[in-house]
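Me: I've got a structure here and would like to talk through how it is put together. Can you walk me through it, one question at a time?

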Amino acid sequence: MKFPRPRRILLYVLLILFAFAYLLPFWTCITTSFKTEKAVIETVPVQPASPTLEPWMEALDIMGRPLLNSLTFTLFATIFSCFIGSINGYVLSKIRFKGSDIIFLFFSIGIFIPYQTVLIPLVLTISRLGLYNSIEGLILTHTAYGIPICTLLFRNFYKDVPDSLIMAAKTDGAGTLTIYRRILLPLSSAPFVVAGVFQFTSIWNDFLFGLVLARGSEALPASVALANLRGTTTAFWNVQMAGALWYALPVIIVYLILGKYLMSGYMAGAVKG
Amino acid sequence: MVNVVIKNLTKKFGEVIAVKNLDLDIKEKEFFILLGPSGCGKSTALLCVAGLLKPDEGEIWLDNKLVTSPEHDVYVPPQEREVAMVFQDYALYPHMTVFQNIAFPLEVRKKSESEIQKRVKATAELLGISQLLDRKPKQLSGGQRQRVALGRAIVREPKIFLMDEPLANLDAKLRVRMRVELKKLHQKLGTTTVYVTHDQIEAMSIGDMVAVLKDGVLQQVGTPKELYDSPSNTFVGGFIGSPAMNMLEGNLVKKNETLMIDLGVSMFELPTWTEEKMKEAKGSKVVLGFRPEHIALAKKYKKNAIQAKVDMLELIGRELQVHLTAGDCSFVVISTPSEDIKVGENVWMVLDEEKIHIFDAETGETLI
């Protein structure tokens, strides 16, 4: 779309204003995280002053283990939920069987169940499995909770893969698993990126499950540790901001790496053209 | 080489009957065509043979082995049928190179690396795509993709080829060329082939045998010549041949001991060879059918000719297609460009009396 010149200038001014408003808190966060405690009190938040790495080190001291915990269960749960979702999506879209629509409906309902409603049964189940306060327990919970949305994503993607591709593979002699492994999986980079980024951010950002399932330090997630940084009586703003930035870093990295693949259309040229 | 026998095949999709009581006997080495307008059930029948669809009733025998029978609870999955299929959209695996696409059926069957190399290369050579082996499908033209799809079917030396409108997505010129190549390939390999198309010209030019389907019901099976010369009903008569057969409804009447068809615009006296067969049918409504090339045009009145007015002339290369009307009916006549005919002129259509068809107007069945 091309706007006439004056309108375009207006558009840019507006966009810059929005960007400014949007980035201001982030900027404040960065400047504060590099300040000494004294500078935090004496200078305006947006102004950088007496730069130091001290708050970052201090935050890492407290958040190091939780960050590692979060990274571990987030990665595993993301991978598991994506793979299971992809297999479900394949079965529900390409292998029609009696009742598959009903099963898919149940999966879809799963997406809309709020976290809070399952908290008590969840805690009971996880603790009876002996997984309370463990990384494994968090992996299991997040995987299970991610399966419905991943299934939906993959099913919708596989639905657009031409049936003739599957039929061709069948007549070529491939069984159900070979078709998945050799045909569908290599074509799935786009939904894997989409589902992967979605799962990674939502699991990484989760607070509630982490709070109720991991009380001790062995499995404490970074989201909970970040909240704990706040302290009870005094607020060390610089340490909190540094902690917040440490916490934001992995998600930013994931977006930087995978962002460009989010839009990729891998299926182009699959069939006639 | 194997044969295919289909007995009483019925396939429903919900309430819709896609194929109804289909019986076919496909001999070994035959290039067998399933022909019909879209939605006539021809692809459904093919998918049942491939094992990609399970029919509701009936039996399918491949190589004298029962592979499908819901009644006897027999169903051999497509993986074990040794049939190869070519799809209308080619269904090439987009993430694989041409080599990998062709090699896929062999890899799945756990053939040795050296055998795969050898067979893929031989197949590529046969189809003239050796220089494309490293490319991905999206880097290929329609015709090249078509060849790769064929290659993937040929490479495993299946017992039967199943082709579902394989040429439908190609442009007209390429389609004609690939048609010839397919036929040559079939002569070279001799593999029994079942080929689905809606294009009657394609069917006539490459088929050994053609089965015409309409609304899931088999209309006629025969060689292209049989279908053309003696269609079993008005549908086959009208579907086969281009331009289509001219058809004109009329009443069968008897006048002075001769059988005639009262066509409304004129009376058509039936030739003597038809009398014997037409005796039982007299008095009923009939359809007179005659092909565009079996009519001569005369400037003056001729006995038993139908008068018509020239509407339009189409000069198509070697032939001149003359469009005429008589009353409410329109006709097409194939004539030669040298013929001196003008638009708006009144002419007489002289039918080749040996080559006329008469159908029952009620049932559409052929009377003669």
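Predicted model: local features only at pLDDT ≥ 70, side-chain atom pairs only at ≥ 80, totals over all residues.

Me: Which strands stand at the edges of the open sheet of 5 strands in chain B?
Reply: The order across this sheet of chain B is S2-S1-S4-S5-S6, with antiparallel pairing. A strand with a single partner has one side left without a neighbour in the sheet, so the edge strands of chain B are S2 (16-26) and S6 (74-75).

Me: Which helix packs on that sheet, and what angle does its direction make with that of S1(B)?
Reply: Helix H1 (residues 42-50) of chain B does the packing, touching S1, S2, S4 and S5 (65-69) of chain B. Its direction and that of S1(B) make an angle of about 115 degrees.

Me: What is the bridge partner of Ile6(B) in S4(B)?
Reply: Strand S1 (residues 4-13) and strand S4 (residues 57-62) of chain B run antiparallel, joined by 5 bridges. For Ile6(B), the partner in S4(B) is Ile60(B).

Me: How many nonpolar residues are on the side of chain B that touches chain A?
Reply: Here 23 residues of chain B are in contact with 22 residues of chain A. Strand S7 (83-86), helix H2 (98-108) and helix H4 (142-154) of chain B each supply at least two residues of that side. Chain B's side has 4 polar and 4 charged residues, and the nonpolar count is 15.

Me: Is Lys29(B) buried, exposed or partly exposed?
Reply: Lys29(B) is in the loop between S2 and S3 (31-35) of chain B, and its phi is near 70 degrees, a positive value in a residue other than glycine. Buried takes 20 or more other C-beta atoms within 10 Å, and exposed takes 12 or fewer. Lys29(B) has 16 C-beta neighbours inside 10 Å, so it counts as partly exposed.

Me: Which peptide bond is cis, with omega near -5 degrees?
Reply: Most peptide bonds are trans. Look in the loop between helix H8 (234-239) and strand S12 (246-255) of chain B, where Pro243(B) has its place. The cis bond runs from Ser242(B) to Pro243(B).

Terms used
Residues numbered from 1 in each chain as written. Chains lettered and ligands numbered in written order. Pairing = 2+ DSSP bridges. Helix = DSSP H or I, 4+ residues; strand = E, 2+ residues; numbered from the N terminus. Contact = placed C-beta atoms within 7 Å. Axes fitted to C-alpha atoms, helices over the stretch in contact; angles between N-to-C directions. Nonpolar A, V, L, I, M, F, W, Y, C, P; charged D, E, K, R; others polar.
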